[in-house]
Amino acid sequence: MSRIRGADTRPESRLRKELWKRGLRYRVSPRLTFGKPDLALPGPRIAIFIDGCFWHGCPDHYYPPKTRAAFWAKKLKDNVERDRRQLVTAEQSGWRVLRVWEHDIREDPAEAAERLLGLIASGATADHWHVYAVAPGPDGAPRERRIVELRGGSERTSSDSPRPAPASQRLA
Ligand SMILES: [Zn+2]
């Protein structure tokens with residue numbers, strides 16, 4: 001079953017539409033030496049990744065599933081490690097990597113597009129902080145998140161008070 005006819009509301013499509021409207025021309029999911037970014041500008045060598053809050057460890061929204069905890073903990077770590085490798089390899093081969101969180105697109109796709117265009121124009125390189133481990137408290141709620149900056153490898157931790165998993169968190 002493919003998508004139902006109508007507006008494509010996936011974050012990738014929404015961001016693409018906003019960027020296109022603003023005159024940006026890009027390639028979609030090209031296979032490059034370091035991986036497959038969601039969008040790429042081959043001329044200026046800019047790779048854009050759209051990161052799902054769950055799969056890529058969003059510092060604001062990652063919430064570990066209660067079941068199969070060990071499996072998901074390893075999955076998160078593997079994903080963040082792959083993101084880090086990709087970023088380093090891309091930069092070594094002269095590409096600039098920009099990453100956009102899915103939640104920014106869901107909240108305001110126009111603003112997410114504007115921010116991205118600002119980064120593209122300025123030549124800036126943004127930090128990319130990702131959760132890579134979560135220590136559960138006695139009640140199973142996350143107590144402490146370990147967060148790593150993909151490029152520099154610097155780390156920080158943040159402690160949370162228990163809160164319910166956001167309803168918007170989806171596994172797919
Ligand atoms: Zn998020």
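Which residues are the protein donors of the zinc ion?

1. **Zinc donors.** They are C53 (SG), C58 (SG), H61 (ND1) and H103 (ND1), and they lie 2.0 to 2.3 Å from the zinc ion. Donors here are N, O and S atoms within 2.8 Å of the metal (3.2 Å for Na, K and Ca); water is not among the atoms, so sites may look incomplete. The spacing of the donor residues in sequence is C-x4-C-x2-H-x41-H.

2. **Basis of the model.** This is a predicted model, in which local features need pLDDT of at least 70 and side-chain atom pairs count only at pLDDT 80 or more, while totals for chains, interfaces and linings use all residues. Residues are numbered from 1 along each chain as its sequence is written, and side-chain values use heavy atoms, with hydrogens and water left out.

3. **Site geometry.** The site of the zinc ion is tetrahedral, with angles of 102 to 121 degrees among its four donor atoms. The term applies to four donors if all angles lie between 85 and 135 degrees.

4. Are C53 and C58 buried or exposed? Both are buried. C53 counts as buried because its relative accessibility is 9%. C58 counts as buried because its relative accessibility is 0%. The cut-offs are under 20% relative accessible area for buried, over 50% for exposed, and partly exposed in between (1.4 Å probe, protein chains only). Across the protein, 41% of the 172 residues count as buried.

5. **E102.** This residue sits in helix α3 (residues 102–107). E102 is buried, at 17% relative accessible area.

6. **Overall layout.** The protein has four helices and seven strands. Helices (H or I, at least four residues) and strands (E, at least two) are DSSP runs, numbered from the N terminus. Their order from the N terminus is α-β-β-β-α-β-α-α-β-β-β.

7. **Helix crossing.** Helix α1 (residues 11–21) and helix α4 (residues 109–122) have axes that come within 9 Å and cross at roughly 60 degrees. That makes α1 oblique to α4. Angles under 35 degrees count as roughly parallel, over 145 as roughly antiparallel, 65 to 115 as roughly perpendicular and the rest as oblique. Axes are lines fitted to C-alpha atoms, for helices over the stretch in contact, and angles run from 0 to 180 degrees between N-to-C directions. The crossing of α1 and α4 is right-handed, with the near helix turned clockwise from the far one by less than a right angle.

Technical notes. Tetrahedral: all angles 85-135°; square planar, octahedral: opposite > 155°, others 65-115°.
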